[in-house]
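Subject: Structure handover

Hello,

Here is the structure for you to look over. Please open it alongside this note; my findings follow below.

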Amino acid sequence: MPAIIADAGDRAARRFLEFFAATIRNRNTRAAYLHAANRFFAWCDRHRIGQLADIEPLHVATYIEALGADFEKPTVKQHLAAIRMLFDWLVTGGVLAANPAHAVRGPKHVVKRGKTPVLTADQARALIESIDTSTLVGLRDRALIGVMTYTFARIGAVVGMRGEDYFANGKRWWIRLHEKGGKRHEMPAHHKLEAFLDAYIKTAGIAGENKSPLFRAAVGRTGALAATAMSRVDAWRMIQRRVAAMGLQVRIGCHTFRATGITAYLEAKGTLENAQAMAAHESPRTTKLYDRRGDEITLDEVERITI
């Protein structure tokens, strides 16, 4: 707990802990907001702002301005949101009389095109086919990448899947994803994804283990899988190894497969409305950030400049 909070008394300390424990349900958001709060209060300590009540809007504005030198605008806006919400919670709890972050404005940030690297359909196919599926770990990796690509799923939802989240519905198999915000999202599995998952589950011998993790962590370099779930970091490292082994000269991460799947779907004349539903986006504007169909058109137009 930050010293400036502890020094403000038991009520402030309890209210600080309640903010993260009671108001933020998403684990990743909780961790990000806690980091933002701790960083701000550490800055206050270095600048000898000794008491919580001594923090003024000028201090918050100065901190946010300085933060922009080290972080991108979305990160700065997230830090400001965390600080503002925390102070709101302290005000409503009677710890402070006013919120010093209320009037502070963050940097403007308008995004019309996402920064997530996108693979072409050929690159994605080549990456999947390059995985050695003679091993259990290879089957797992292919299935995990397949889920991200064919369902447009976030990695957090994929590594959180249990056995029961791949289930039969009539003649087809379906995928159930527990996305952020507590949303449960279900969609039919692509026929290739069915093949990937069936091969992995059969070889792993985990059919019928409905309450156990579907994608399991590897036990060192033994080739065996543990009973525990993969983490997002495990998945990211796996992707880096697969990309390096293939020799693909593109820097990608887990989110790349979400963007790649959406782009491939739209290139095949899929509709933005359906892509939005499949990706479980609240707004079509978010889905548009993953649509890179215009990249090649833009390049073609630029080449028309025949100087």
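With which side chain does the side chain of arginine 162 make a polar contact? The partner is the side chain of glutamate 164, at 2.7 Å. Please keep in mind that this is a predicted model.

**Around arginine 162**

Arginine 162 sits in the loop that runs between α8 and β1 (166–169). Is arginine 162 buried or partly exposed? Its relative accessible area is 32%, so it counts as partly exposed; the buried class stops under 20% and the exposed class begins over 50%. Lysine 211 is 49 residues away from arginine 162 in sequence, yet their C-alpha atoms are 5.7 Å apart in space. Setting aside neighbours within four places in sequence, arginine 162 contacts Asn210, Lys211, Ser212, Pro213 and Leu214.

**The nonpolar cores**

The largest nonpolar core has 41 residues. Leu144, Met148, Leu197, Tyr200 and Phe215 touch the most other members. Several elements each supply at least two residues: α6 (121–130), α7 (136–151), α8 (155–159), β2 (172–178), α9 (191–204) and α10 (232–246). Which of them gives the largest share? That is α7, with eight residues.

Take leucine 144 as a way in. Not counting residues up to four places away in sequence, leucine 144 touches Ile155, Val158, Val159, Phe215, Met230, Ala235 and Met238.

**The β4–β5 hairpin**

Strands β4 (residues 216–218) and β5 (residues 225–229) run antiparallel and are joined by two bridges. Arginine 216 has alanine 229 in β5 as its bridge partner. Six residues lie between the strands of this hairpin. Glycine 220, in the hairpin, takes a positive phi near 55 degrees.

**Cysteines**

How many disulfides does the structure hold? The count is zero. As a reminder, a disulfide is a covalent bond between the sulfur atoms of two cysteines. Cysteine 44 has a relative accessible area of 0%, so it is buried. Cysteine 254 has a relative accessible area of 10%, so it is buried too. Both values fall under the 20% cut-off for buried residues.

Best wishes

Key: Residues numbered from 1 in each chain as written. Predicted model: local features only at pLDDT ≥ 70, side-chain atom pairs only at ≥ 80, totals over all residues. Heavy atoms only, no water. Core = buried A, V, L, I, M, F, W, Y, C linked by side-chain atoms within 4.5 Å. Buried < 20%, exposed > 50% of the residue type's maximum accessible area, 1.4 Å probe, protein only. Helix = DSSP H or I, 4+ residues; strand = E, 2+ residues; numbered from the N terminus. Contact = heavy atoms within 4.5 Å. Disulfide = S-S within 2.5 Å. Polar contact = N/O pair within 3.5 Å; in protein donor to acceptor, adjacent residues only side chain to side chain. Pairing = 2+ DSSP bridges.
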